[in-house]
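Okay, thanks for coming, everyone.

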Amino acid sequence: METRTTITAKANEYARRFRQILDHIDKHLDEDLNVEKLSQVAHLSKFHFHRQFSDYCGISVSRYVQLMRLKRASFRLVFNPLEPIIQIAMDAGFENPESFSRAFKHVFGQSPSQFRREPNWKYWDEQYSFSKRRGTDLMEEKEVKVVIFEPVMVAVLEHRGAPALTHESALRFVDWRKTTGLSPVASSRTYGVPYSDPELTSPEEFRFDICGSILEPVPKNEYGIVTKQIPGGECAVVRHLGSHERLGESVYYLYREWLPKSGRDLRDFPVYFHYLNSKFTTPEHELVTDVYLPLK
């Protein structure tokens with residue numbers, strides 16, 4: 001008879017296999033991702049892989065691959081407004097703009113050009129509800145460091161409302177940065193400060209500060225950007241590699257695994273993120289984010 005420990009170990013191994021296959025897909029979106037190749041990566045029988053993938057992710061593997069390609073395309077449409085749609089279509093694996101437009105509208109309810117002009121982020125986000133991937137209970141070992149974080153003055157756009165609309169707020173913040181030059185992306189740091197867990201908070205109560213480091217206070221402006229400070233002090237920090245949608249895994253690791261064993265107490269400031277590159281211009285598998293947990 002299998003013990004609970006044995007069952008848990010098997011479940012973790014199964015989850016690791018699918019984490020491996022999801023990471024492989026993210027890294028090879030430009031390639032042919034057929035079932036036979038993917039089943040080999042997962043070390044699973046190709047005859048059962050389709051069913052196992054659907055059971056684990058909630059959608060078929062072909063649907064998942066298409067949605068990941070369209071996700072990358074949607075960011076390029078909005079955040080690279082001068083890039084030709086035909087180039088975005090070809091990079092997403094479509095032979096022509098017409099087939100790309102049909103698939104895009106079928107998934108998001110808007111044509112690529114409509115989405116570029118006025119993206120419906122709430123509906124977009126609903127199509128990726130499955131991507132809150134299983135795995136937050138799979139606590140893989142992570143390297144945690146305790147560092148001294150120097151206080152930093154930041155320009156802040158205070159997002160209030162549905163988490164899906166943070167994309168809209170981020171676009172507004174990027175526009176402010178480009179227009180004013182007060183917190184240039186190339187030479188300034190970018191932070192995110194969540195004041196609530198989107199999994200536990202109603203959409204209308206979700207609060208998230210989008211921040212860029214600055215050298216002097218921000219003057220009054222039409223964008224609603226204000227000046228704040230991320231306080232200095234000791235922090236536990238873990239480096240998160242990959243999708244921002246899985247940042248919760250690193251946050252949970254700090255709270256569930258590291259903190260109880262550390263004997264440390266928490267400071268009265270939220271966990272926060274330092275984005276070392278942009279989710280809108282960087283392939284998901286290349287994203288790097290430092291997650292800071294403030295300590296007393």
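So, overall size to begin with. A compact globule of 296 residues would have a radius of gyration near 19 Å, and this protein comes in at 21 Å, which agrees. Keep in mind that what you're looking at is a predicted model. If you follow the C-alpha trace along its principal axes, the span is about 60 × 55 × 30 Å.

What's it built from? We've got 10 helices and 8 strands. As for how the chain comes together, take the contacts with a separation of 6 or more: 71% of those are between residues 24 or more positions apart.

Buried residues make up 46% of the 296. The accessible surface comes to about 15,900 Å², and carbon and sulfur atoms hold 51% of that.

Charges next. There are 40 positive side chains and 40 negative ones, and the centres of those two sets sit 1 Å apart.

Last topic, cysteines. How many disulfides does the count come to? It's 0. Quick reminder: a disulfide is a covalent bond between the sulfur atoms of two cysteines. So why don't Cys211 and Cys235 form a bond? Well, the sulfur of Cys211 has its closest cysteine sulfur in Cys235, and that's 14 Å away, so it's too far for a bond. For a disulfide here, the sulfurs would have to be within 2.5 Å. Both residues are tucked inside, by the way: Cys211 is buried with a relative accessible area of 1%, and Cys235 is buried at 0%.

Methods. Residues numbered from 1 in each chain as written. Predicted model: local features only at pLDDT ≥ 70, side-chain atom pairs only at ≥ 80, totals over all residues. Heavy atoms only, no water. Helix = DSSP H or I, 4+ residues; strand = E, 2+ residues; numbered from the N terminus. Rg over C-alpha atoms; globule rule 2.2 N^0.38 Å. Buried < 20%, exposed > 50% of the residue type's maximum accessible area, 1.4 Å probe, protein only. Contact = heavy atoms within 4.5 Å. Areas by Shrake-Rupley, 256 points an atom, 1.4 Å probe, with all protein chains shown as cover. Lys, Arg positive; Asp, Glu negative; His and termini not counted. Charge placed at Lys NZ, Arg CZ, Asp CG, Glu CD.
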